[in-house]
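Look at the sequence and the structure below.

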Amino acid sequence: MKKRGLFFSILNIVFLSGLPMLLALKSPDPKLKVKWEQLFNGKDLKDWTVKIRKHQLNENFGNTFRVVDHKIQVNYDQYEKFDEQFGHLFYKKPFSYYLIGVEYRFTGNQVKDGPGWAYRNSGVMIHGQDPKTMGLDQDFPVSIEVQLLGGNGKDKRPTANVCTPGTQYVLDNSVVKSHCLDSKSATFHGDQWVRVEALVLGDSLVVHYVNGEEVLRYQRPQLDPVGGAEEGALLKSGTISLQSESHPVEFRKVEIVNLEKYAHDPKQLAAVIQQLTAEKRIPKQ
């Protein structure tokens with residue numbers, strides 16, 4: 001069997017059979033360690049690029065993205081109205097195999113004329129396009145969105161959903177073409193901190209976690225198809241960005257474990273993932 005075929009066969013066994021198989025495959029190497037890299041330094045946005053609809057690259061209209069008290073704030077206090085000026089804050093380099101974690105909370109009130117669906121709504125965009133290639137009037141980067149939602153105080157409203165601007169994916173052996181799909185997470189009302197993580201394994205698998213619990217998984221992230229095809233080009237890597245959709249939100253942590261060096265060693269990859277997912281990371285309030 002070719003190496004690539006063996007790799008994906010083991011991945012399928014591991015992630016479809018669950019933890020027992022993963023434990024059986026894990027490396028016995030006691031020196032295996034993983035390290036979180038902080039994408040946000042807590043001081044400034046020097047490693048990030050702003051793209052807001054109707055504005056040029058790096059024009060931070062209304063000081064939308066800012067650092068206050070060691071947190072990235074997405075704020076609209078300098079807007080007269082939202083006017084569909086959706087924005088994204090892009091990290092400086094792309095990733096392919098990784099576990100990303102963010103701690104966020106929604107605050108305050110939605111800006112005037114923000115769309116109803118964007119109430120307490122933000123997102124982490126993964127496998128995204130380069131912001132330099134976005135059009136002036138483009139609202140969202142082509143990407144897979146790990147959608148972040150907050151509750152309205154009474155209704156069920158899960159977070160860590162998946163949405164697909166210009167993309168699609170496979171779930172239960174079927175291509176999903178609908179724009180958004182809810183996770184099975186709890187609803188988080190008020191201004192509480194929530195931790196969302198996404199395990200991204202190139203073009204094979206994406207798993208969403210909320211406060212240490214798996215809430216959604218899907219396979220084969222891909223571009224929208226062309227020419228009548230059922231499936232599009234697979235997304236192997238891409239940018240990571242934080243979203244501005246008209247409701248104030250704060251991010252106090254944006255961190256990543258880069259798994260690229262394990263991408264062609266399925267046993268080591270399984271062992272590292274087991275180590276990472278064995279810890280239930282719940283944010284302090």
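**Contacts, cover and pairing**

Residues 24 or more positions apart account for 71% of the contacts in the protein chain with a separation of 6 or more. The model is predicted.

Q: Why is Cys163 called buried?
A: Buried means under 20% relative accessible area. Cys163 has 1% relative accessibility, so Cys163 counts as buried.

Q: Why is Cys180 called partly exposed?
A: The term covers values between the buried limit of 20% and the exposed limit of 50%. Cys180 has 34% relative accessibility, so Cys180 counts as partly exposed.

Q: How do you know that Cys163 and Cys180 form a disulfide?
A: The cut-off is a pair of cysteine sulfur atoms within 2.5 Å. For Cys163 and Cys180 the S to S distance is 2.0 Å, and a disulfide joins them. The structure holds one disulfide.

Q: What makes this disulfide of Cys163 and Cys180 right-handed, and which parts does the pair tie together?
A: The torsion about the S-S bond is about 115°, so the disulfide is right-handed. Cys163 lies in strand β9 and Cys180 in strand β12 (residues 180-181), so the pair ties together parts that are 17 residues apart in sequence.

Q: Which strands form the open sheet, and what makes two of them edge strands?
A: Seven strands form the sheet, in the order β2-β5-β16-β7-β8-β9-β12, with antiparallel pairing. β2 (48-52) and β12 are edge strands because each pairs on one side only.

Q: How do you know that β2 and β5 are paired?
A: Pairing needs at least two bridges between the strands. β2 and strand β5 (residues 87-91) have five bridges, in the antiparallel sense. Within this pair, Lys51 stands opposite His88 in β5.

Q: What are the partners of strand β8 on its two sides?
A: Strand β7 (residues 121-128) pairs with β8 over six bridges, antiparallel. Three bridges join β8 to strand β9 (residues 161-163), and these two also run antiparallel. Gln147 takes part in both pairings: Gln147 in β8 is the bridge partner of Gly123, and Asn161 in β9 is the bridge partner of Gln147.

Q: What makes strand β8 mostly covered?
A: In β8 (residues 144-149), six of the six residues are buried. Ile144, Val146 and Leu148 are buried on one side, and Glu145, Gln147 and Leu149 on the other.

Q: Why is strand β13 called largely enclosed by the rest of the structure?
A: Eight of the eight residues of β13 (residues 194-201) are buried, so the rest of the structure largely encloses this strand. One face of β13 holds Val194, Val196, Ala198 and Val200; the other holds Arg195, Glu197, Leu199 and Leu201.

Q: Which strands pair with β13?
A: β6 and β13 pair over eight bridges in the antiparallel sense. Six bridges join β13 to strand β14 (residues 205-210), also antiparallel. Ala198 in β13 stands opposite Ile100, and the bridge partner of Ala198 in β14 is His208. The hairpin of β13 and β14 has three residues between the strands, and Gly202 there takes a positive phi near 55°.

Q: Which residues have the most contacts inside the largest nonpolar core?
A: They are Tyr104, Val124, Ile126, Val196, Phe251 and Val254, in a core of 49 residues. Strand β6 (residues 97-106) gives the largest share of this core, five residues. A second, separate core of 17 residues includes Leu32, Tyr97, Leu99 and Leu259.

Q: Why is Ala233 called partly exposed?
A: The class lies between 20% and 50%. Ala233 has 48% relative accessibility, so Ala233 counts as partly exposed. Ala233 lies in the loop between β15 (213-223) and β16 (239-244).

Technical notes: Residues numbered from 1 in each chain as written. Predicted model: local features only at pLDDT ≥ 70, side-chain atom pairs only at ≥ 80, totals over all residues. Heavy atoms only, no water. Contact = heavy atoms within 4.5 Å. Buried < 20%, exposed > 50% of the residue type's maximum accessible area, 1.4 Å probe, protein only. Helix = DSSP H or I, 4+ residues; strand = E, 2+ residues; numbered from the N terminus. Core = buried A, V, L, I, M, F, W, Y, C linked by side-chain atoms within 4.5 Å.
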